Number of protein chains: 4
Amino acid sequence: MILITGASSGLGAELAKQYSADSQPLFLTGRSEDKLAAVAAKCKSYSRSEVSQQTCQLHNADAVASLLDVLPSSPKLVIHCAGSGYFGELAKQESDAINVLIENNLTSSIMLVKDLVQRYQDEAVTVAVVMSTAAQVAKAGESTYCAVKWAIRGFIESVRLELKGKPMKLVAVYPGGMATEFWQTSGSNMNTASFMTAAEAASMLKQALTATEHGYVSDITINRS
Amino acid sequence: MILITGASSGLGAELAKQYSADSQPLFLTGRSEDKLAAVAAKCKSYSRSEVSQQTCQLHNADAVASLLDVLPSSPKLVIHCAGSGYFGELAKQESDAINVLIENNLTSSIMLVKDLVQRYQDEAVTVAVVMSTAAQVAKAGESTYCAVKWAIRGFIESVRLELKGKPMKLVAVYPGGMATEFWQTSGSNMNTASFMTAAEAASMLKQALTATEHGYVSDITINRS
Amino acid sequence: MILITGASSGLGAELAKQYSADSQPLFLTGRSEDKLAAVAAKCKSYSRSEVSQQTCQLHNADAVASLLDVLPSSPKLVIHCAGSGYFGELAKQESDAINVLIENNLTSSIMLVKDLVQRYQDEAVTVAVVMSTAAQVAKAGESTYCAVKWAIRGFIESVRLELKGKPMKLVAVYPGGMATEFWQTSGSNMNTASFMTAAEAASMLKQALTATEHGYVSDITINRS
Amino acid sequence: MILITGASSGLGAELAKQYSADSQPLFLTGRSEDKLAAVAAKCKSYSRSEVSQQTCQLHNADAVASLLDVLPSSPKLVIHCAGSGYFGELAKQESDAINVLIENNLTSSIMLVKDLVQRYQDEAVTVAVVMSTAAQVAKAGESTYCAVKWAIRGFIESVRLELKGKPMKLVAVYPGGMATEFWQTSGSNMNTASFMTAAEAASMLKQALTATEHGYVSDITINRS
């Protein structure tokens, strides 16, 4: 079974559709009950396998535990797409929005990965954590967004060291320049016409998430051409 | 005037003592009223200049604003030493302690720097942000600590790009292997006998924080030898 | 047509075999005429398409030009696998071997990529440059090897900035822990029993080298599990 | 005694003047006999201590050995400033100039540091290696320059790991935006009017190169303001 977070829109929703087209059993989570139900309904229409969904506030450790408690089995793959954006010159950013940004990105990622490690570190579970190319460089106008993305990168690279020799694997994914609702709702007026669609990013990520007996693709950066 | 955060102990307290020995006017802040008062009293005993102090919860934007409102003048130098540690294997970390770690390090740094930029970006104010070598590498047993330190690094490097051409300057400071109370109170049982003392780190940082007409030392890493 | 450098052994030879099994037209190059001929013969036995080969000393700009002059058409994909290793404590390394290491890795990569950019920057040519995880971290016992690999990384990331908006694309590939003859001939006595085989790395790389209309996988790290 | 490479011009020459003004015994080296003699003569006019000089082609391991053989004693500090620049779009760079760039920067640094480590690793010798901010980021128009500077960084960080626990220390220095003859002779038409002078960079570096019993400033970035 594949667990996808942030599945109610964007890359998460596209991954859900593409994996369901392969009839992979899915468990979807997101914040919005209605949007999540709509994505799940579409997936069920493609798939000969089980598609389940449940909302979750991932920054809340108890909510994460409740989510993982209801999974019917250990996921073979978790794709953590949940996250949100907030942009603009630092001097004009709002404190409340910064706190939400930290919760939605950093706190959520830590609470989810922590619980996954506690439960599954000795099983062959792959956890792909979707960040952004903003985790790799500094950007004017994205100071707090870069902050939370750099944080997740440092976190994932550290946890990997703790998991050395264990069957659980962490894959770091860095998409850049993807056109999703995200940009419209986050205060950026970037022109996204030449950006990749979420469907394009999903298809590349799905293909690149590959492994063999002794190895795996551990880090994937996807850029617009 | 020099504003020092985290001045009630460790590197911040040592910097306060060493700058007061030079009779630099100081404004000290920290979380513990008693410890802050004790450090300030010691500084006043050395200094022929003003030494003021006020406690502040830096992760709270309103508290930061109240602190900066009472400063008698624009600081020529801010040394942001405040922060806390939390260590150990991820699977054994507590959610509450992780939330405190994020607040004390990441949220505090963002709220402080945001307000400093709003007030002083067009003045010759130098803001030295003390992180850790944990901002530069991944470490097993320090996953959440690395997360918040990488975050501050990505944040500072991004804000720097926004300040390009302005007189305000950000200096990034990365100390590694310093022996302070920090280690005793943070769940690590590292043997710190050969570590630098906070006084040593303070004296090196004070000396390396230098500038000329057209340039400045923008990044300083201090390591034990 | 796909141009593969370093095709006489290791990852390059495996990629040649796997692409020829798909009947992709290939042009193979390497330093050893005999080994290259043997790999090409095997590829021809699988493939319904053209397989050509020619030796080349890639650190020599004129030799690179001669190689590219004889290509029957623009390659759609170049996979630059050529390189060599040299390991051990710095104090015990030999100057001559260091000079060879620089030539085989850094000089070769610059001369090849320079000529490819001159010829094909305005065509849809993808150039995948295979480095190593030694391009991403510092390692004791691998100081000069890290030097040349960091160099290629900084070079490729810079050239990418020059190619922004052009159809030519550079893909950075970082394999870690692969078991090839390389280790036996380079002075390392690392136990490579649990390492990926070159065939495994080749199959993952071949799969992850993917693109869509507006995007492509630009950076791929492959690690042993 | 302080050994300074690249002492015939730029930062190296300025460091020589400033240390000789403190009457530190100096040993200067560079490629140009005449310019080196002129700098040494100026230094001797300030200093009450010994100032010696000898030309050296640092990319040649034997020449490095000859240089170090004539030092009257172990240097307490080596400041390696030697290097050269070469800029411009990759497609327009000349192969010969690239080979010279690699020799003057990467090969020289490896051969010098290798011999210093062989001789002095068990002594309290500090080796400050001056690179550039081009060692920290990728830059269009500086692909081969970034290559050699990234190489030196990866090399130094790796050798540091080999020296762990030894008294020899490596300090990494990254100056950015310094106005020296360098720019005029390297094919760049950058306007350097607001850049730091080499004298400014030298004074900041001299001050920041500090150490205490248990610690030292290990990495210093100097930027124009």
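Colleague: What percentage of the 225 residues in chain A is made up of buried residues?

Modeller: This is a predicted model, in which local features need pLDDT of at least 70, side-chain atom pairs count only at pLDDT 80 or more, and totals for chains, interfaces and linings use all residues. Residues are numbered from 1 along each chain as its sequence is written, chains are lettered from A and ligands numbered from 1 in the order in which they are written, and side-chain values use heavy atoms, leaving out hydrogens and water. Buried means under 20% relative accessible area, exposed over 50%, and partly exposed in between, with a 1.4 Å probe and protein chains only. By that criterion, the buried share of chain A is 60%.

Colleague: How many helices and strands does the secondary structure of chain A have?

Modeller: Helices (H or I, at least four residues) and strands (E, at least two) are DSSP runs, numbered from the N terminus. The count for chain A is seven helices and nine strands.

Colleague: Why is chain A as compact as a globular protein of that length?

Modeller: The radius of gyration is taken over C-alpha atoms, and the globule rule is 2.2 Å times the number of residues to the power 0.38. For 225 residues the rule gives 17 Å, and chain A is as compact as a globular protein of that length because its radius of gyration is close to this, at 17 Å.

Colleague: Among contacts in chain A between residues at least 6 apart in sequence, what percentage joins residues at least 24 apart?

Modeller: Contact means heavy atoms within 4.5 Å. Among the contacts in question, the share joining residues at least 24 apart is 68%.

Colleague: In chain C, which residue has the C-alpha nearest the axis?

Modeller: Chain C can also be laid on chain A, with an RMSD of 0.0 Å, by a turn of 180° and a shift of 0.0 Å along the axis. At 2.0 Å from the axis, the nearest C-alpha in chain C is that of Ala208(C).

Colleague: How far apart are the nearest C-alpha atoms of chain A and chain D?

Modeller: Chain A and chain D do not touch. Their nearest C-alpha atoms have a separation of 9 Å.

Note on methods. Copies are superposed by least squares on the C-alpha atoms of residues with pLDDT of at least 70 in both.
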